[in-house]
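The following exercises are to be worked through with the sequence and the coordinates at hand.

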Amino acid sequence: MFEVNNRKLLINEVATRDGLQNEASFVETDDKVALVDRLSALGYAKIEVTSFTSAAAIPALKDAEAVMQRIERAPGVVYTALIPNVRGGERALECRVDEFNLVMSASETHNLANLGMTRAQSLRQLADVSALALGVNVPVNISLSCVFGCPMEGEVPEDTVLELVGRFAAMGVTGVTLCDTTGMAYPTQVQRVCARVAQAYPELNVTGHFHNTRGMGLVNTLAAVQAGISQFDMSLGGIGGCPYAPGASGNVATEDVVHMLQWMGYDTGVELPGLILAARELERLVGHELPAQVSRSGDRLIHHAPPQGFHEIRERALARDAAAAK
Ligand code: ZN
């Protein structure tokens, strides 16, 4: 059953990293900075600004330093960035990022395919990068991919997920993000895994990251909320593709999720009208239609004018009653 209350949920925006890195066209640095500044005013808990990957690996985010240095930081917002390795971490520290977001996959095949390393190699690298950040009191979050399934291996054992999260906790990280990287999760699985992780590692801040690849992004988000998860990644306009299902939609769209949660009574802190305007601006920047729905359809109580000729329809309908009454 759905609980109804005004529980506080924290919303992380990932469009500027997870989203833009998958876009074919390069969004100009000025436009990225303006977009982040605009998002900063909307009530997010966290914004994933960029990625300190090499420019050759992800040309779309080759301006990481410039963007990070030029954004105007709003008080209370955590400005995080994806950090692939120690070199990226050093670059990020020079730009004073608020948090390191590190990545690895719960699936050995996906980790090799995506990062070119075994999971054991990734764990060693994550330990080095974490030590760099924690040594200067910068908090670390680890985003674990393929928690709910791998497009190449199929099911990922829940015990593997639990064990990896345990390794992260032992490194001293602050948070872990459970990522449904290719939209394989389903609600009862989400509830079970989220509850197990939260129970086993109460000291960790657990974030949910869901994709809409199979249309289950919203319901999986809700399942995680009901399992006690209070922080979520989402992407404005739903940008951010899925490399294993070309053309499929990617991240859950911020405006779609916020719209649902606010009507259910949750306090997301994020302002929907501002999100819708920002999504339209994002659509202009990337130059194609976005998969999100609420930025097109509007809030559920948006008023539409009745159709043409409505006055006459009404007059005719009322005239029938008057004729019948004679
Ligand atoms: Zn994603």
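The model is predicted, so local features need pLDDT of at least 70 and side-chain atom pairs count only at pLDDT 80 or more, while totals for chains, interfaces and linings use all residues. Residues are numbered from 1 along each chain as its sequence is written, and side-chain values use heavy atoms, with hydrogens and water left out.

**Exercise 1.** Determine which residues coordinate the zinc ion.

*Solution.* 
1. Donors are N, O and S atoms within 2.8 Å of the metal (3.2 Å for Na, K and Ca); water is not among the atoms, so sites may look incomplete.
2. Asp18 (OD), His209 (NE2), His211 (NE2) and Asn251 (OD1) coordinate the zinc ion at 2.1 to 2.3 Å.
3. Along the chain, these donors have the spacing D-x190-H-x1-H-x39-N.
4. Asp18 belongs to helix α1 (residues 15-19) and His209 to strand β7 (residues 205-209), so this pair ties together parts 191 residues apart in sequence. Helices (H or I, at least four residues) and strands (E, at least two) are DSSP runs, numbered from the N terminus.
5. Asp18 and His209 are both buried, that is, under 20% relative accessible area (1.4 Å probe, protein chains only).

**Exercise 2.** Identify the strands that pair with β2.

*Solution.* 
1. Pairing requires at least two DSSP bridges between two strands.
2. Strand β1 (residues 10-13) pairs with β2 in the parallel sense over 2 bridges; Asn12 stands opposite Lys46 in β2.
3. Strand β3 (residues 78-82) also pairs with β2 in the parallel sense, over 5 bridges, and Ala81 in β3 is the bridge partner of Thr50.
4. Of the 6 residues of β2 (residues 46-51), 6 are buried.

Definitions and conventions: Buried means under 20% relative accessible area, exposed over 50%, partly exposed in between (1.4 Å probe, protein chains only).
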